[in-house]
Amino acid sequence: MEPYKAKELPFEYNLDKEMFILVAEANAKYGEYKSLLNTLEFDSAYLLESVLLKESYKSTQIEETQITQKELYYLKYMEVNDDSKEIENLKNTIEYAENKLKQENIISYELVNKMHQLILDSVRGSKKSLGEIRTTQNWIGPRGCTQENATFIPPKPKRLMDYWKIYISI
């Protein structure tokens, strides 16, 4: 398998009838969701907190985090260990990025590096080069797999800075 080669933005995509239908359906569902949140008598922050925790849990499973889904909702009360700290770090990193994007409206090299520092703060990997661009090739796959049978191979390290020339406005 070859390393992924990201396309330059903006890239071409096809807006066909099926895509318009899907976008219209998603827009209608989003409107229903917002309307429902406005009519219910509860703080929507609790729902969003739950969604954020669940997403953090799913994201850390790739690192073989050993927390059950049930334990996810008791993180505040559990003994702090690498697994619980990784999920908490990811949740805090997402919240940090959201606030920063509201202020600056741009995804920058500095933002991504700061997010990397926050994610790895005081957990497995904290002794590595936090907030620095990687210099070696890595890949994702089952434990012990080689690059040849990897599930995904990100871009080569020497190409990473080329991708930083692109800033994405939100």
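1. A quick word on terms before we start: contact here means heavy atoms within 4.5 Å. With that in hand, Asn 89 touches Leu 118, Ile 119, Leu 120, Asp 121 and Val 123, leaving aside residues up to four places away in sequence.

2. Please keep in mind that this is a predicted model, where local features need pLDDT of at least 70 and side-chain atom pairs count only at pLDDT 80 or more, while totals for chains, interfaces and linings use all residues. Residues are numbered from 1 along each chain as its sequence is written, and side-chain values use heavy atoms, with hydrogens and water left out.

3. On the fold: the protein chain has six helices and two strands, in the order α-α-α-α-β-α-α-β along the sequence. Helices (H or I, at least four residues) and strands (E, at least two) are DSSP runs, numbered from the N terminus. Asn 89 sits in helix α4, which covers residues 82-104.

4. Is Asn 89 buried or exposed? Asn 89 counts as buried because its relative accessibility is 4%, where buried means under 20% relative accessible area (1.4 Å probe, protein chains only). Across the protein chain, 21% of the 170 residues count as buried.

5. As for overall dimensions, the C-alpha atoms fill a box of roughly 50 × 50 × 35 Å along the principal axes. Among contacts between residues at least 6 apart in sequence, 50% join residues at least 24 apart.

Note on methods. Buried < 20%, exposed > 50% of the residue type's maximum accessible area, 1.4 Å probe, protein only.
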